[in-house]
Amino acid sequence: MTQTVAVLGTGKIGEALLSGMIRAGWRPANLLVTTRRSERAQELRDRYGVESVGNAEAAKHADILILAVKPQDMGRLLDELAPHVTSDRLVISAAAGITTASIEERLAPDTPVVRVMPNTPVLVDEGMSVISAGSHATTEHLAAAEAIFGGVGKTLRVPESQQDAATALSGSGPAYFYFLVEAMTDAGILLGLPRAQAHELIVQAAIGAAVMLRDSGEHPVKLREAVTSPAGTTISAIRELENHGVRAALIAALEAARDRSRELASGNG
């Protein structure tokens, strides 16, 4: 935690990482941020006590650069950074679909690059960040990335070849649950419940189910069977889900997300 870290692009994810690092013990004096707007820079200085600098200055002074910009902004950012990034820096990309190879070829030879796919629950310290090493990154570089992203949730190392699948499953995953909660809330209203009550019932059911999945160690089939009585209400509902092809639709949806991630990686934005 004595190294200097720069977060380039401090939107919601970038700020979540910044606050997580500070809670984990990083000193604000060792943290730099870059922003597009001066008002945003002042806001971050007031809130966290960190210094806001330009992208080039961050590249000159930081040991670790976290690229937390949107995929479509990555090319322009790398053009700005390239003259200033030396191979003793660690570059961490949190942009969906951007490969380590595409970043490496824009920077100095042998620059270590680590690719990370976080998801939005990093905003509440319950994120899942999937981490992959580029061709020049070592286990020490992966550990450095884990130390940063571990402050806002869990981390998992995977080969980069699995990043598109992880993006479909984890990076986009929260949206699928929000979609399901939205549909179940509408169903609750149709069944006669006020919206607020339906929402509260579903959210707590989701939290309880997630905690049981995490803490029990049981397979989801076994947990589902524990709720599914013979000729009961739950099996009637599950029969309808199967009749409407919900399982197949979920598989197709994740395949579509994976394919889109591949398109982004190939530059077909």
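Which residue in strand 3 is the bridge partner of Leu-32? Select Leu-32 and then Glu-51 of strand 3, for Glu-51 is that partner.

This is a predicted model, in which local features need pLDDT of at least 70 and side-chain atom pairs count only at pLDDT 80 or more, while totals for chains, interfaces and linings use all residues. Residues are numbered from 1 along each chain as its sequence is written, and side-chain values use heavy atoms, with hydrogens and water left out.

**The sheet**

Please select strand 2 (residues 31-34) together with strand 3; the two pair in the parallel sense over two bridges. Strands here are DSSP runs (E, at least two residues), as helices are (H or I, at least four), numbered from the N terminus. Two strands pair if DSSP finds at least two bridges between them.

**Ser-129**

Next, select Ser-129 in strand 7 (residues 127-133). Ser-129 counts as buried because its relative accessibility is 1%; buried means under 20% relative accessible area, exposed over 50% and partly exposed in between (1.4 Å probe, protein chains only). Beyond its neighbours within four places in sequence, Ser-129 is in contact with residues including Val-116, Phe-149 and Leu-156. Contact means heavy atoms within 4.5 Å.

**Helix 7**

Move to helix 7 (residues 163-171), where the buried residues include Gln-163, Ala-166 and Ser-170. The buried residues of helix 7 pack against strand 6 (113-117), strand 7, helix 8 and helix 12 (246-265).

The contact involves Asp-164, Ala-165, Thr-167, Ala-168 and Leu-169 of helix 7, with Leu-254, Ala-257, Arg-258, Ser-261 and Arg-262 of helix 12.

**Helices 8 and 9**

Finally, select helix 8 (residues 173-190) and helix 9 (residues 195-216), which pack at an angle of about 135 degrees with axes 9 Å apart. Among the residues that meet are Val-181 and Ile-189 in helix 8 and Ala-198 and Ile-202 in helix 9.

Key: Axes fitted to C-alpha atoms, helices over the stretch in contact; angles between N-to-C directions.
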